[in-house]
Amino acid sequence: MRVRLMGTGGADGVPGFFSDSRVSRYAREHKGKDIRTRAAAVVDDTIKIDLGPDTWYQAMRDGLDARDWTAVLFTHSDADHFAPDELMYCMFPFNHMEYSGFTIYANGFICRRILEKFPEWPFELVMTKSFSPFVHGGYRISPLQAHHNPSEDSHNFLVQDGDSTLLYATDTGIWSEPTWEALRHAQLDCMVLECSEGLASTAYDGHLDAHEFLEVVERLRGMGVVTNETQIVSTHHSHNGEATHDELVEFFAPHGVVVGYDGLELNF
Ligand SMILES: [Zn+2]
């Protein structure tokens, strides 16, 4: 399996859209891996995870063709992950397609939003529920409950192709027990885990800071879900996390964690 991190930033990106934070200033000056667009990924060029406001730019930057997508999976409805207006460009009158080339998998809240916005458009919608796996193409996809926004069923995704297993876990704090339980028998080849708060922890428990990130990794290691073979990669970094890319690399290096950046491709 191959996963490309198309975006690795927090809600307002890095540099922060309207921010003069230290990390934002650093990113504006140094660019490179410190520029983080809104969090998103694509698996094997076909399974798109989240469709945020930076999608067009990300696809162009990385030379990706959105017509390759057969599925668009949504984790939750926050604006950095769900930019519904972008969906309409996939069919007539913006091209000659009568239908979208992909199935949309999303929780009930997002499905309703799409139906309200595009009542006449023939989108293929499949409603997802945490802990109810589904099959798409050759992939078994298990939505797990993220600890994020209690007003909707926010997901992290376990993606399995028969050979390899990916956990894509953006926008979550420390999981509730049912999610740990659902992971009990998994063996991860790659885990992409959020680290929104970086080195600046806040009272909000719907995101992880760098220390909580390592707590999650250690608990999964103790369960045998993460092993020395697992690629562990961070994503969803906020400019308010008080850490540049290099500072995160320095923090995580002793723990074997790869600090994610826009365009990073992982093979496993
Ligand atoms: Zn987010």
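How many of the seven residues of strand 8 (residues 139-145) are buried? In this predicted model, five of the seven are buried, so by the criterion of 20 or more other C-beta atoms within 10 Å of a residue's own, strand 8 is mostly covered.

With strand 7 (residues 134-136) the pairing is antiparallel and comprises three bridges; here Phe-134 lies opposite Ile-141 of strand 8. Two residues separate the strands of this hairpin, and Gly-137 adopts a positive phi near 55 degrees in it. With strand 9 (residues 155-160), strand 8 also runs antiparallel, joined by six bridges. One of the pairs is Arg-140 with Gln-160, the latter in strand 9.

Seven strands make it up, in the order 6-5-4-3-2-1-14, and their pairing is mixed. Strand 6 (124-127) and strand 14 (265-267) form the edges; each has a single partner strand, and therefore one side of each lacks a neighbour in the sheet. On average, neighbouring strands are turned by 20 degrees against each other, direction ignored.

Within this sheet, strand 4 (residues 71-73) and strand 5 (residues 103-106) run parallel and are joined by three bridges. Ala-71 has Thr-103 of strand 5 as its bridge partner.

Helices also pack on the sheet. Helix 2 (residues 55-62) touches strand 1 (2-7) and strand 2 (40-43), and its direction makes about 125 degrees with that of strand 1. Helix 3 (residues 108-117) touches strand 5 and strand 6, with an angle of about 155 degrees between its direction and that of strand 6.

Technical notes
Residues are numbered from 1 along each chain as its sequence is written. This is a predicted model: local features need pLDDT of at least 70, side-chain atom pairs count only at pLDDT 80 or more; totals for chains, interfaces and linings use all residues. Two strands pair if DSSP finds at least two bridges between them. Helices (H or I, at least four residues) and strands (E, at least two) are DSSP runs, numbered from the N terminus. Axes are lines fitted to C-alpha atoms, for helices over the stretch in contact, and angles run from 0 to 180 degrees between N-to-C directions. Two residues are in contact if their C-beta atoms, placed from the backbone, lie within 7 Å. A residue is buried if 20 or more other C-beta atoms lie within 10 Å of its own, exposed if 12 or fewer, and partly exposed in between; C-beta atoms are placed from the backbone.
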